[in-house]
Amino acid sequence: ACLMLVNEGKLDLDAPVQRYVPAFRGSGKERVTIRHLLTHSSGLPAWRPLYIEATTRATAFALADTTALLRQAGDAFVYSDIGAIVLTQVVEAITSERLDGYLDRRVFQPLRMPSTRFLPPPAWRDRIAPTERSQDGTIIRGTVHDENAWKLGGVSGHAGLFSTAPDL
């Protein structure tokens, strides 16, 4: 999604994140660019338990936006689901669409990928590869198992996308 928006001239890799997500605030964050988020060099921590702290998708985004940097942007490469969550907001701000709808309309439909989507219907479950076994032994299929992505309604730039075996 980000690279399509770059190609269309709607997203500048070297622009500060705050251009697209004004709520992305805190010490040093004015220097964090889209490129930093995409290359996991933003200085954001690897993870934060948004699923515990937030009550809604909006509050999870707000917590991600105000998460303090652990280091200066560009100093180190650390995979950050917080950065991917912020990128979700960037795409949604530019497109005025939720990420799942945008990707369906711009990627999956044009590529004739009818069996790829966020939030698959229950009828698809038997055709989706298991992602995990729950603590009670239940095999999880077609339900996002990343807690932070779950708090975001199952739609995030870092988790929640499913593909099924095509109908034959």
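**Reading salt bridges and burial**

Reply: The count comes to nine salt bridges, a salt bridge being a side-chain nitrogen of Lys or Arg within 4 Å of a carboxyl oxygen of Asp or Glu. This is a predicted model, in which local features need pLDDT of at least 70, side-chain atom pairs count only at pLDDT 80 or more, and totals for chains, interfaces and linings use all residues. Residues are numbered from 1 along each chain as its sequence is written, and side-chain values use heavy atoms, with hydrogens and water left out.

Me: Which residue forms a salt bridge with Arg57?

Reply: Side chains of opposite charge can pair when their charged atoms come close. Here the partner of Arg57 is Glu92, with the closest N and O atoms 2.8 Å apart. Glu92 lies in helix α5 (residues 81-95) and Arg57 in helix α4 (residues 57-65), so the pair ties together parts 35 residues apart in sequence; helices are DSSP runs of H or I, at least four residues, numbered from the N terminus.

Me: Are Glu92 and Arg57 buried or exposed?

Reply: Buried means under 20% relative accessible area, exposed over 50%, and partly exposed in between (1.4 Å probe, protein chains only). Both Glu92 and Arg57 are buried.

Me: What is the relative accessible area of Arg19?

Reply: Arg19 has a value of 53% and is exposed. Its side chain meets that of Asp12 in a salt bridge (3.8 Å, N to O), and Asp12 is partly exposed at 33%.

Methods
Helices (H or I, at least four residues) and strands (E, at least two) are DSSP runs, numbered from the N terminus.
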